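Keep it short and define the terms.

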Amino acid sequence: MATKANLRQQTIQALKQLSPLEREMGAQSLYEQLVALPEWQQATTIATTISTDLELSTAPIIAAAQQAGKTVAVPQTLPARQMAFHTLTADTQLVKTAFGLMEPADGEIISPADFDLIVVPGLLYAQSGERVGFGGGYYDRYLPRTMGTKVALAFPVQWVSVPTWSVDPFDVILDRVLVAPTK
């Protein structure tokens with residue numbers, strides 16, 4: 001069984017090798033699948049990240065949610081591998097972290113119990129909802145505190161039918177994994 005560290009490196013390489021066309025077509029499909037979900041349509045408060053260049057861009061997700069009048073919150077990392085999600089508005093001040101991530105420096109903190117939908121980042125997902133994240137454990141600590149629908153968006157290189165890694169007892173199983181169609 002492959003280690004999570006090896007799988008992270010393999011998936012990062014596979015993501016880097018996606019052509020711009022594969023990335024664009026896959027992204028468009030994922031956005032359409034997401035906004036078509038009943039959970040999206042019913043949600044009033046959504047959590048997502050401010051994506052990095054490697055990841056699926058979350059800017060269209062944020063824009064679609066805000067245009068639909070939904071409250072959007074993004075994470076700020078805290079000591080002891082904790083997170084707080086702050087509302088994201090045009091006035092939110094963003095700062096770059098030591099990891100190169102953009103995070104809110106201000107804005108109202110949303111309680112984990114108040115999220116209807118959480119777009120969960122990661123590198124590799126199984127059909128049954130298991131995930132391999134980036135290795136910090138932030139979401140593993142945060143997700144058990146929320147009852148919101150947990151959704152992942154995956155390019156085909158990020159999806160497997162069954163986990164090829166050991167699933168830890170603390171791993172939170174996602175409610176849905178949406179996958180872009182293959183070419």
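E2 and E3 form a hairpin, with three residues between them. Ala80 lies in the turn and has a positive phi of about 65°. This is a predicted model: local features need pLDDT of at least 70, side-chain atom pairs count only at pLDDT 80 or more, and totals for chains, interfaces and linings use all residues. Residues are numbered from 1 along each chain as its sequence is written, and side-chain values use heavy atoms, leaving out hydrogens and water.

**Strand pairing**
- Strands (E, at least two residues) are DSSP runs, numbered from the N terminus.
- Two strands pair if DSSP finds at least two bridges between them.
- E2 (residues 71–78) pairs with E3 in the antiparallel sense over six bridges.
- Pro75 stands opposite Phe85 in E3.
- E3 also pairs with E6 (residues 109–110), antiparallel, over two bridges.
- In E6, Ile110 is the bridge partner of Phe85.

**Burial of E3**
- Buried means under 20% relative accessible area, with a 1.4 Å probe and protein chains only.
- Five of the six residues of E3 (residues 82–87) are buried, so the strand is largely enclosed by the rest of the structure.

**Glu103**
- Glu103 sits in strand E5 (residues 102–104).
- Glu103 is buried yet has no salt bridge (a side-chain nitrogen of Lys or Arg within 4 Å of a carboxyl oxygen of Asp or Glu).
- Glu103 is in contact (heavy atoms within 4.5 Å) with residues beyond four places in sequence, including Pro75, Thr77 and Leu94.

Technical notes: Helices (H or I, at least four residues) and strands (E, at least two) are DSSP runs, numbered from the N terminus. Buried means under 20% relative accessible area, exposed over 50%, partly exposed in between (1.4 Å probe, protein chains only). Lys and Arg count as positive and Asp and Glu as negative; His and the chain ends are not counted.
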